Amino acid sequence: MKMYTTLTADIFMFLVHCLQRFDLTYYNDWTPLSLSLPDQLLMTLMKLTMNAKDADLALRFRVSRACVSNVINTLICALYELLYEGVMAKCFPSQKKCEGSMPQSFSEFHGVRASIDAVEITQDIPRKMDDQARTYSSYKSRHTVKAVTAVAPNGALTYSSLLYPGSTSDVAIVRHSKMLEMFVAGDLILADKGFTIHDQLPAGVQLNLPPFLTGKKQFTAQEAKMSYKIARARIHVERANERIKNFDILRHIPAAYRPVSTKIFRVCCCLVNLQSPLLKEIADIQ
């Protein structure tokens, strides 16, 4: 079960029961009667986890490729409404809630509410020249899309932006997504050096970045110590983002699923939160 879905059997059946409460409107306006809902969910999760080709899934489940496309597009939208719009988009944890599950590595960062980082995903080259220029990432030397995620101190993903063209800067994504509106006075945000967003911060919100080597050959002892502390705390956001990228469909988004790429990304973020906790401290508490 974990190999094909990244979830335990109990969590899988929980999602099935949640989906059974909805009257699904299928993508192609016809209901696949030959597949049970658990099989439809399994097929969708196999697409996300393994990025199996539609023809392969059609053979495994003994249905047509049209049926595979119909099911996957429908279930991705259903999971998006259930997990992202129904939970993640409405439940950005407060500073007080974060303090209740604060790991030891964050002990010196009082008031921290989230660590933010960017995730970049390759995709097929767009047909239009203008789109090609926007999606080409000089960092990856590929055509990509990019999102900014936020991770709570306990390792849970709490926010995901839309997917933006790969040439978009981290600062521009933060500005356009208006994600900083979720923070309030007294909150602290940890980020890497690419997030020079001090001018965007709401009143009373602080940003902690690693020190910059501006005209110096090396850091002072105090700066080196601070860099280590920030890196030690921010490793959790990098581990969370690595779990997102473990979904093979996000290693390279197929052109056929580009219209629902943001929903795919956000669903994968939500599925990461349904996996075992990232931190042993949090797992021991549970």
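Residues are numbered from 1 along each chain as its sequence is written, and side-chain values use heavy atoms, with hydrogens and water left out. Because the model is predicted, local features need pLDDT of at least 70 and side-chain atom pairs count only at pLDDT 80 or more, whereas totals for chains, interfaces and linings use all residues.

A search of the whole structure finds 2 aromatic pairs, where rings of Phe, Tyr and Trp (for Trp, its six-membered ring) pair if their centres lie within 6.5 Å, and planes under 30 degrees apart count as stacked, over 60 as edge-to-face and the rest as tilted. The rings of Tyr-80 and Tyr-84 are stacked, because their centres are 5.4 Å apart and their planes lie at 15°. Both residues belong to helix H5 (residues 65-85), in which they are 4 residues apart and thus separated by about one helical turn; helices (H or I, at least four residues) and strands (E, at least two) are DSSP runs, numbered from the N terminus. Tyr-80 is buried at a relative accessible area of 9%, and Tyr-84 is buried at 7%, where buried means under 20% relative accessible area, exposed over 50% and partly exposed in between (1.4 Å probe, protein chains only).

Phe-92 and Phe-183 form an edge-to-face pair, with 5.3 Å from centre to centre and 80° between the planes. Phe-92 lies in the loop between H5 and helix H6 (95-99), and Phe-183 in the loop between helix H8 (170-177) and strand S6 (188-190), so this pair ties together parts that are 91 residues apart in sequence. Phe-92 is buried, with a relative accessible area of 16%, and Phe-183 is also buried, at 4%.

Leaving aside neighbours within four places in sequence, Leu-271 is in contact (heavy atoms within 4.5 Å) with Leu-7, Leu-15, Leu-45, Leu-48, Leu-83 and Phe-247.

H5 itself is mostly covered, as 15 of its 21 residues are buried. From its first C-alpha to its last, H5 reaches 29 Å, close to the 30 Å expected at 1.5 Å a residue, the expected span being 1.5 Å times one less than the number of residues.
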